[in-house]
Amino acid sequence: GKSLGSVLINEDNPIFEDLKKEIIKLLKIFPESAILPFHAEFFITRSQEIYFCEVASRIGGPGINDTNRLIYGVDLMKSWGRLQNDYKNELLKKNAITGGWLLIPPIHGRVETIPKDIPFDWVLEYQKHFKVGDNINIAKHSADSLATLYIKGDSEEDVIENIVTTFNMFDPDAKQYFKDMNEQLLRNALKILKRFKKNNAT
């Protein structure tokens, strides 16, 4: 199977207000309710045209709730329950960072190795769904995964880059990938040193 991931859209994204308008149209069709969790999906073309896919009276998954919990401090499932029981709800906190999530797809066979930890400070949470020695099958559902990672960044572009880098860690050729990355970092560092040392760095 292929990996599945998602990135939170910031309010300054040009598509944000257009999506908000489409969602409000849908919510007006729903039966009136004091408490209404919902999950809506749209297709967006390269020319920024919006096409409706589906909407449901439920909180979205698989990584939506935990991403909101980690970035904004609000657990949507918990808040839903609190509101139904007339408890004071959690307040959405403003945050300078944004985030997203990544599902690592399972591959048929036996788990021989899986990273114990992720060496990136942008990984907010790492959930392993299998352990070494487990026999697993290929993904049968889009939400099936070997592991789930919740990732932060300073912008949408930053989160996307961090997701790609993190995914490459799970690639069979990961060792070579990180070797190449380290060599590139060394080359960049040498360039900076040469500027400070007036090209005397070796």
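Of the 202 residues in this protein, buried residues make up 30%. What you see is a predicted model, and every value below was computed from it. The protein has five helices and eight strands, which follow one another along the sequence in the pattern β-α-β-β-α-α-β-β-β-β-β-α-α. Here is a friendly tour, topic by topic.

**Overall picture**

- The accessible surface of the protein comes to about 14,100 Å², and carbon and sulfur atoms account for 54% of that area.
- Take the contacts between residues at least 6 apart in sequence: 57% of them join residues at least 24 apart.

**The largest nonpolar core**

- The largest nonpolar core holds 18 residues. Those that touch the most other members are Ile 104, Ile 118, Val 123, Tyr 126, Leu 149, Ile 151 and Phe 170.
- Strands β4, β6 and β8, together with helix α4 (156–169), are the elements that give two or more residues to this core.
- Setting aside neighbours within four places in sequence, its contacts include the core residues Ile 104, Ile 118, Val 123, Tyr 126 and Phe 170.
- Leu 149 is also in contact with Gly 100, Trp 101, Leu 102, Glu 125 and Thr 166.

**Helix α2 and its surroundings**

- Helix α2 covers residues 64–72, and its buried residues are Asn 65, Asp 66, Thr 67, Asn 68, Ile 71 and Tyr 72.
- These buried residues pack against helix α3 (76–84) and against the strands β4 (98–104), β6 (123–128) and β8 (147–153).
- Just after α2 comes Gly 73, which takes a positive phi of about 75 degrees.

**A closer look at Asn 65**

- Asn 65 has its place in helix α2. With a relative accessibility of 12%, Asn 65 counts as buried because the cut-off is under 20%.
- The side chain of Asn 65 makes a polar contact with the side chain of Asp 75, at 3.2 Å.
- Not counting residues up to four places away in sequence, Asn 65 touches Ile 59, Gly 60, Val 74, Asp 75, Leu 76 and Met 77.

**Salt bridges**

- How many salt bridges does a search of the whole structure find? There are five, and three of these pairs are described below.
- Glu 125 and Arg 69 meet through their side chains in a salt bridge, at 3.0 Å from N to O. Glu 125 lies in strand β6 and Arg 69 in helix α2, so this pair ties together parts that are 56 residues apart in sequence.
- Glu 125 is partly exposed at 21% relative accessibility, and Arg 69 is partly exposed too, at 27%.
- Asp 66 joins Arg 69 and Glu 125 in a network of salt bridges.
- Lys 25 forms a salt bridge with Glu 22, with the closest N and O atoms 3.4 Å apart. Being three residues apart in helix α1 (residues 16–29), the two are separated by about one helical turn.
- Lys 25 is exposed, with a relative accessible area of 51%, whereas Glu 22 is partly exposed at 27%.
- The side chains of Glu 112 and Arg 110 also meet in a salt bridge, at 3.2 Å from N to O. Glu 112 is exposed at 55% relative accessibility, while Arg 110 is partly exposed at 48%.

**Aromatic pairs**

- The whole structure holds two aromatic pairs. In one of them, the ring centres of Phe 42 and Phe 52 lie 6.0 Å apart and the planes stand at 65 degrees, so the pair is edge-to-face.
- Phe 42 belongs to strand β2 (residues 39–44) and Phe 52 to strand β3 (residues 50–56), so the pair ties together parts that are ten residues apart in sequence.
- Phe 42 is buried, with a relative accessible area of 19%, while Phe 52 is partly exposed at 45%.
- Phe 120 and Trp 122 have ring centres 4.5 Å apart and planes at 15 degrees, so this pair is stacked.
- Phe 120 is buried at 11% relative accessible area, and Trp 122 is buried at 18%.

Conventions
Residues numbered from 1 in each chain as written. Predicted model: local features only at pLDDT ≥ 70, side-chain atom pairs only at ≥ 80, totals over all residues. Heavy atoms only, no water. Buried < 20%, exposed > 50% of the residue type's maximum accessible area, 1.4 Å probe, protein only. Helix = DSSP H or I, 4+ residues; strand = E, 2+ residues; numbered from the N terminus. Contact = heavy atoms within 4.5 Å. Core = buried A, V, L, I, M, F, W, Y, C linked by side-chain atoms within 4.5 Å. Salt bridge = Lys/Arg side-chain N within 4 Å of Asp/Glu carboxyl O. Phe/Tyr/Trp six-rings, centres within 6.5 Å; stacked < 30°, edge-to-face > 60°. Polar contact = N/O pair within 3.5 Å; in protein donor to acceptor, adjacent residues only side chain to side chain. Areas by Shrake-Rupley, 256 points an atom, 1.4 Å probe, with all protein chains shown as cover.
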